[in-house]
Amino acid sequence: MSFASPKSVVEENDTVILYLSINNMHAIQVTPKLTNKDGKLVDNVFQTQFGALRVINLVGAQYGSKVKLTKGWAYVLQPNPELWTLTLPHRTQIIYTPDISMILYQLEIKPGSVVIESGTGSGSLSHYLIRAVKSTGHLHTFDFHEVRSQMAREEFQQHGIGDFVTVYHRDVCANGFTEALNGAVDAVFLDLPAPWLAVPHAVTAFKSSGKRLAN
């Protein structure tokens, strides 16, 4: 639950950023075991150019501290959306921090905002949107690809931010954003091959005032 709020010490099941250099960072989950490519449960040992790290040994380490590898050192950092964008597993092409900053500015996102995002993709923008709207707002994120939707849902829960986001497997161009969101949304972001097909559905979802749309 390492994205939810600032914390001092690494706990089991946290997602952490292992920092080796500015161009060499990795997101890893702090668990004693993991499943390898053969489907076997093995010790969670992360290999780097500076040697190996038994990942469960990070439990109890201070965030921001130096940790020993077998042939050198690294730093363990608490993740945030900026670091996650640089280290996330790519399921799709992603949007990076400079463009995301402009999107948040244009949509006037703030705590308490109710926001629609389509599509979810790899969840890069989603993490920024969740941080911007919590703890009284909510993100509704849509993707037409079922496996991507499920993987994003699992990541948000693992990161401790699942209460601030609802993930939908849905073709919004054909079917809209669900009746439950009609008249309930402050802002909509469309990252779609044909965003104009979703614009009428966005208009239906907007509140009567303060609506913002970007794509």
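Predicted model: local features only at pLDDT ≥ 70, side-chain atom pairs only at ≥ 80, totals over all residues.
## The parallel sheet

Five strands make up an open sheet. Their order is β11-β10-β9-β12-β13, and they pair in parallel. Two strands sit at the edges: β11, residues 165-169, and β13, residues 212-214. Each of these edge strands pairs on one side only. On average, neighbouring strands in this sheet are turned by 15° against each other, with direction ignored.

Strands of a sheet pair through backbone hydrogen bonds, in either the parallel or the antiparallel sense.

## Helices on the sheet

Helix α2 spans residues 97-107 and packs on the sheet. The strands that α2 touches are β12 and β13. The direction of α2 makes about 155° with that of β13.

Helix α4 spans residues 146-158. This helix lies across β10, residues 138-143, and β11. Relative to β11, α4 runs at about 165°.

## A hairpin

Strands β5 and β6 form a hairpin. Two residues lie between them. Strand β5 covers residues 45-48, and strand β6 covers residues 51-54. Their pairing is antiparallel, over four bridges. Within this pairing, Q47 has A52 in β6 as its bridge partner.

## Cis peptide bonds

The bond from S118 to G119 is cis, with omega near 5°. G119 belongs to the loop between β9, residues 114-118, and α3, residues 124-133.

A cis peptide bond also joins K134 and S135. Its omega is about 15°. S135 lies in the loop between α3 and β10.

E108 is not a glycine, yet its phi is positive, near 55°. This residue sits in the loop between α2 and β9. Is E108 buried, exposed or partly exposed? Its relative accessible area is 48%. Exposed means over 50% and buried means under 20%, so E108 counts as partly exposed.

T178 is another residue with positive phi that is not a glycine. Its phi is about 80°. T178 lies in the loop between α5, residues 172-175, and β12.

Conventions
Residues numbered from 1 in each chain as written. Heavy atoms only, no water. Pairing = 2+ DSSP bridges. Axes fitted to C-alpha atoms, helices over the stretch in contact; angles between N-to-C directions. Contact = heavy atoms within 4.5 Å. Buried < 20%, exposed > 50% of the residue type's maximum accessible area, 1.4 Å probe, protein only.
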